[in-house]
Amino acid sequence: TQRVVTTTHSAVSALTTKARVFAIDVDSVDEVTGRRRGTALRDLVPLDKGESVLHIVAPAVVDDPPPLMLVSANGQMKRIEVTEITSTPDGRSAMNLKAGDTLAAAFAAPDDSELIAVTSNAQAMRCAVDAVSIQGRGAAGVAGMKLADGASVIGAGPAEDGSIVLTVSDAQTAKVTDVGEIPAKGRNTAGLRITRFRNEKRLVWAYVGPPDDLLVVVG
């Protein structure tokens, strides 16, 4: 789901679905060849039951890297500097989530870009990234997307030229939508519907981003 460039003498930061941050020494990860499976994340990060690693943050290799956008399942959003993520003590949170909320997406979000968030009831909202403020690790973020009762954000990403929205439903149907078909509505709106359900009840997975290197979805 993700790859980062680093060195064996460095550490990377694992950001989990509970918004917790853990440092991973790169040299503690097995170097693999052929079809070996590599190191299990549970051997590198002390995950709680139901918690998973959502995003890997490597130390910045350029000056002034773009902030990271964090989007929660309940529609909260905030941006946070990369240096604040990589300096977070093990087990501390990068976002103050309310009880029952989880992180749904994390991605680089420079000021002059846009994002798209997708919900389980097939709504897609597009807004300017700079409508979401940069906050410290203790902040809870801002209201990012209005959700219908029972709906949750299942994915979000940058709305760049040529990007797509790929969704998968509970009925194992899939759809690709060009981001150009989704107009900007502004932050804290409900967006618009991108899938008309037939036998489907909800969307269970969404990817927003460039189609390059996107190979396959396995369920």
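Two strands are said to pair if DSSP finds at least two bridges between them, and strands themselves are DSSP runs of E with at least two residues, numbered from the N terminus. The views below show a predicted model, in which local features need pLDDT of at least 70 and side-chain atom pairs count only at pLDDT 80 or more, while totals for chains, interfaces and linings use all residues. Residues are numbered from 1 along each chain as its sequence is written, and side-chain values use heavy atoms, with hydrogens and water left out.

**View 1. Strands β8 and β13 pair in the antiparallel sense over two bridges.** In this pairing, Gln123 has Arg193 of β13 as its bridge partner, and Ala124 stands opposite Leu192 in β13. Strand β8 covers residues 123–128 and is mostly covered, since five of its six residues are buried, where buried means under 20% relative accessible area, exposed means over 50%, and partly exposed lies in between (1.4 Å probe, protein chains only).

**View 2. An open sheet is formed by four strands in the order β10-β7-β8-β13, with antiparallel pairing.** Strands β10 (153–158) and β13 (192–193) stand at the edges with a single partner strand each, so one side of each is left without a neighbour in the sheet. Strand β7 (residues 114–119) pairs with β8 in the antiparallel sense over five bridges, and the bridge partner of Glu114 is Ala128 in β8. The hairpin of β7 and β8 has three residues between the strands, and in this hairpin Ala122 takes a positive phi near 70°.

**View 3. Asn74 lies in the loop between β4 (68–72) and β5 (76–80).** Asn74 counts as partly exposed because its relative accessibility is 41%. Leaving aside neighbours within four places in sequence, Asn74 is in contact (heavy atoms within 4.5 Å) with Asp101 and Leu147. The C-alpha atoms of Asn74 and Ala151 are separated by 8.3 Å, although these residues are 77 residues apart along the chain.

**View 4. The second largest pocket holds about 460 Å³ of space.** Of the 16 residues that line this pocket, the closest to its centre are Gln2, Val4, Val29, Leu41 and Ile56. A pocket is an open set of points on a 1 Å grid over the protein atoms alone, where a 1.4 Å probe fits, with protein on both sides within 12 Å along at least five of seven lines, and lining residues have an atom within 4 Å of a point. The volume is the space filled by probe spheres set on the points. Strand β3 (residues 53–57) gives the largest share of the lining, four residues.
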